[in-house]
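Hello,

Here is the structure I said I would pass on. My notes follow below it.

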Amino acid sequence: MEKVKVLKLSEITENTSQLVEVEDKKIAVFNVDGEIYAIDDICSHAEASLSEGEVFDCIVECPLHGAEFDLKTGEATTLPATKPVVVYKTDVDDEYLYLEVDEDA
Ligand code: FES
């Protein structure tokens, strides 16, 4: 497991999201009321970018067909997605956000 510095916290303001790339992975990072969450960017249903989805109550809605994912667990909470997305452990210091990324996963 590798800990990777991905962005400056000032780059992701409250209640916004951002797409970051670590190794070959696309990861969607969300700031929800000051809490940072990170999940796989690509929806488990088809090719859509979850960083472009709408967020409410720690749930992101896929912009393509509307499946919803829990940002804390990655679980798909509504159809049409049935598989979860990967959740990445976040670590925040005063200035930067780090993600724990498994290179082999
Ligand atoms: S691509 Fe996300 S729900 Fe279909």
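In S4, Ala-38 is the bridge partner of Val-29. That bridge belongs to the pairing of strand S3 (residues 25–32) with strand S4 (residues 35–40), which is antiparallel and runs over six bridges. Two strands count as paired if DSSP finds at least two bridges between them.

This is a predicted model: local features need pLDDT of at least 70 and side-chain atom pairs count only at pLDDT 80 or more, while totals for chains, interfaces and linings use all residues. Residues are numbered from 1 along each chain as its sequence is written.

The protein chain has nine strands and zero helices (DSSP runs numbered from the N terminus: E of at least two residues for strands, H or I of at least four for helices).

Six strands make up an open, antiparallel sheet, in the order S1-S9-S8-S4-S3-S2. Strand S1 (2–8) and strand S2 (16–22) each have a single partner strand, so one side of each lacks a neighbour in the sheet. Neighbouring strands in this sheet are turned by 30° against each other on average, direction ignored (axes are lines fitted to C-alpha atoms).

As for the overall chain, its C-alpha atoms fill a box of roughly 40 × 30 × 20 Å along the principal axes. Of the 105 residues, 25% count as buried, meaning that 20 or more other C-beta atoms, placed from the backbone, lie within 10 Å of the residue's own. Among contacts between residues at least 6 apart in sequence, 38% join residues at least 24 apart (a contact is two C-beta atoms, placed from the backbone, within 7 Å).

Regards

Note on methods: Axes fitted to C-alpha atoms, helices over the stretch in contact; angles between N-to-C directions. Buried ≥ 20, exposed ≤ 12 C-beta atoms within 10 Å, placed from the backbone.
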